There are 2 protein chains.
Amino acid sequence: MTPDTLRQRLEQRAQRLEAIAQRWLPPPDALPERLHAAMRYAVLGGGKRLRPQLVYASGEALGLAPARLDAVALAVELIHAYSLIHDDLPAMDDDDLRRGRPTTHKAFDEATAILAGDALQPLAFEILATDASIAGGAQQRLAMISRLARAAGSCGMVGGQAVDLQQVGQQPDLNTIDTMHGLKTGRLIHAATLLPADLADAADTAVQALEAYSSRIGLAFQIHDDVLDETTETAVLGKPQGADRAAGKPTYPALLGLDASRQRAQTLTDEALDHLRGFGPEADGLRALAQHMIQRKH
Amino acid sequence: MTPDTLRQRLEQRAQRLEAIAQRWLPPPDALPERLHAAMRYAVLGGGKRLRPQLVYASGEALGLAPARLDAVALAVELIHAYSLIHDDLPAMDDDDLRRGRPTTHKAFDEATAILAGDALQPLAFEILATDASIAGGAQQRLAMISRLARAAGSCGMVGGQAVDLQQVGQQPDLNTIDTMHGLKTGRLIHAATLLPADLADAADTAVQALEAYSSRIGLAFQIHDDVLDETTETAVLGKPQGADRAAGKPTYPALLGLDASRQRAQTLTDEALDHLRGFGPEADGLRALAQHMIQRKH
């Protein structure tokens with residue numbers, strides 16, 4: 001897939017996501033308006049939409065029509081969006097800037113930000129349970145709800161954030177950082193890749209290939225994120241350059257150096273691609289995304 | 001039902017709830033330990049368990065065995081427990097004491113408290129999707145998930161908390177307070193009463209009766225709560241006496257006076273009981289709970 005084709009596809013699917021988010025998010029004039037404005041601010045603010053892209057690409061590899069994936073992609077993105085709101089709070093990472101704009105608690109206030117996150121989470125499960133366009137059987141919906149709930153919970157994304165907070169100022173080893181990121185970002189990336197398999201009742205071999213793919217791109221994504229944090233200007237990154245290292249967070253470049261970090265991201269990507277060898281051209285979207293994860297500039 | 005019989009039943013069902021909570025909450029030695037300790041602290045700390053009691057009593061009225069209601073009751077209680085953690089945060093109500101113990105962010109720290117609440121929420125949906133003891137069809141589970149998600153969301157409980165925060169220092173009228181409480185506590189009490197109807201595929205007449213019952217006891221419960229806040233000593237209440245009024249919160253006694261507040265709670269309870277007239281003795285548990293809501297001392 002050429003870079004232009006990929007860019008076009010990413011753009012087109014980001015638009016699909018935006019459209020279904022507009023349908024599901026409460027309108028800004030519905031009570032309580034300030035809460036709903038904050039929810040819309042956090043979700044409709046753009047961002048990379050990498051998790052929705054994984055939902056679409058994985059669904060494509062499994063033969064699902066994009067129309068059945070819109071609401072699934074949105075559910076994952078809502079969990080991601082809520083986690084960013086809460087991670088940015090003063091009691092957590094205390095970030096003022098996200099995607100080049102004030103974070104939600106800066107644009108609104110802390111209480112509204114907490115509540116906006118709290119309200120986005122159940123919306124994700126309501127969508128999986130009810131959205132008609134998913135056209136899924138009840139068993140498939142339950143499988144998706146269960147998977148997303150586990151990915152979001154204390155042994156998944158939230159657990160990863162808890163481990164992350166405990167590591168600040170520590171000198172964790174590579175294994176600890178891998179585990180932390182495997183929970184904090186890996187589990188939701190894993191869910192994004194596997195939810196379409198639940199919906200499609202995919203064969204075990206396909207599920208195993210997607211699991212191997214997602215664990216590797218999840219880690220490669222995070223390593224590349226750390227590299228970008230060190231090497232990219234604030235204006236391009238949308239958040240302060242070097243913020244993670246400055247906050248005393250363990251990063252891959254700090255532990256491995258920049259070159260070895262880049263090399264590890266490449267190796268993981270090669271392995272991810274290798275695990276897709278059982279798929280034909282229907283998985284070209286997943287292949288292009290894997291490359292994109294470690295080539296993106298922000 | 002005699003007060004002794006009721007007390008026995010409430011105690012027995014609270015023990016059922018505690019047992020299933022022990023089964024579903026992550027063990028304290030599972031990583032990340034501090035997060036899991038906070039989740040357990042918030043859920044296993046006792047409390048009135050009124051919402052679980054409603055699940056059991058409503059299920060009994062509909063002919064469901066208690067064993068099928070344990071996990072449903074827990075799901076509702078987890079949503080309630082998470083909301084208490086977040087409501088107590090410094091950016092929200094800033095409370096130090098809850099159920100006679102330090103609030104979760106006081107016993108642990110603010111970040112851990114936010115994350116513990118964040119992790120309890122998806123656990124509720126995972127339970128409804130997967131717990132075997134519910135013995136529910138996939139459609140019934142989806143109906144419960146959807147109902148609980150809407151009750152917890154921005155047009156339900158979280159919306160009510162947002163409206164509540166906006167009212168501090170204001171002089172809202174009775175209608176505004178009713179609406180606020182109808183969202184903040186009413187929607188989850190409504191869900192607790194109606195989830196068993198989803199599980200039992202209850203007839204429309206039963207659903208309508210339970211809806212009318214729950215909206216009235218939900219409001220009566222809140223009015224009685226405000227009365228207790230004004231009239232009960234801190235040691236009995238488990239939180240500082242008069243805290244709501246001191247915090248500039250609109251309360252029913254402040255708006256209506258104590259006597260008229262008590263009278264209104266009684267009238268609502270009478271109406272709730274009247275709506276149960278189509279049920280026989282199988283709804284005696286619901287009847288006793290309605291009375292208990294406005295007679296409890298804390």
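B:Glu18 is partly exposed, at 25% relative accessible area (buried means under 20%, exposed over 50%, and partly exposed in between, with a 1.4 Å probe and protein chains only). B:Glu18 pairs with B:Arg49 in a salt bridge whose closest N and O atoms are 3.0 Å apart; the term stands for a side-chain nitrogen of Lys or Arg within 4 Å of a carboxyl oxygen of Asp or Glu. B:Glu18 sits in helix H1 (residues 3-24) of chain B and B:Arg49 in the loop between H2 and helix H3 (50-61), so the bridge ties together parts that are 31 residues apart in sequence. Helices here are DSSP runs of H or I with at least four residues, strands are runs of E with at least two, and both are numbered from the N terminus. B:Arg49, for its part, is buried, with a relative accessible area of 5%.

Before going further, keep in mind that this is a predicted model, where local features need pLDDT of at least 70 and side-chain atom pairs count only at pLDDT 80 or more, while totals for chains, interfaces and linings use all residues. Residues are numbered from 1 along each chain as its sequence is written, chains are lettered from A and ligands numbered from 1 in the order in which they are written, and side-chain values use heavy atoms, with hydrogens and water left out.

Back to the charges. Side chains of opposite charge can pair when their charged atoms come close. Over all chains, the structure holds 36 salt bridges. One of them joins A:Asp88 and A:Arg98, at 2.8 Å from N to O. That pair links distant parts of the chain, ten residues apart: A:Asp88 is in the loop between helix H4 (70-87) and strand S1 (97-98) of chain A, and A:Arg98 is in strand S1 itself. A:Asp88 is buried at 2% relative accessible area, whereas A:Arg98 is partly exposed at 23%.

A local case turns up in helix H14 (residues 258-275) of chain B, where B:Arg262 and B:Asp259 lie three residues apart, about one turn of the helix. An α-helix has 3.6 residues a turn, so residues three or four places apart point the same way. The closest N and O atoms of the B:Arg262 and B:Asp259 bridge are 3.9 Å apart. B:Arg262 counts as partly exposed at 42% relative accessibility, and B:Asp259 as exposed at 62%. In chain A, bridges that share partners join A:Glu18, A:Arg49, A:Glu77 and A:Arg99 into one network.

So what happens where the two chains meet? Chain B and chain A bring 43 residues each to the contact, contact being heavy atoms within 4.5 Å. About 3,300 Å² is buried between the chains, with carbon and sulfur atoms giving 76% of that; buried area is the accessible area (1.4 Å probe) that two parts lose on being put together, summed over both. B:Leu115, B:Leu142 and B:Ser154 supply 16% of what chain B buries against chain A, more than any other three residues. Between chain B and chain A there are zero salt bridges, but six residue pairs are in polar contact, both residues at pLDDT 80 or more. A polar contact is a pair of N or O atoms within 3.5 Å; within protein, one must be able to donate a hydrogen and the other to accept it, and residues adjacent in sequence count only if both atoms are side-chain atoms. On the side of chain B that touches chain A, H6(B) gives the largest share, twelve residues.

Now for the helices of chain B. H4(B) is largely enclosed by the rest of the structure, because 18 of its 18 residues are buried. H10(B) is mostly covered, with 20 of its 28 residues buried. The end C-alpha atoms of H10(B) are 40 Å apart, which agrees with the 40 Å its residues should span at 1.5 Å a residue (the expected span is 1.5 Å times one less than the number of residues).

B:Thr193, in helix H9 (residues 174-199) of chain B, is buried at 0% relative accessible area. Leaving aside neighbours within four places in sequence, B:Thr193 is in contact with B:Leu54, B:Ser58, B:Leu210, B:Tyr213 and B:Ser214. Over in chain A, A:Ala290 belongs to helix H15 (residues 284-295) and is buried at 1%. Not counting residues up to four places away, A:Ala290 touches A:Tyr213, A:Ile217, A:Thr269 and A:Leu273. The C-alpha atoms of A:Ala290 and A:Thr269 are separated by 6.2 Å, with the two residues 21 apart along the chain.
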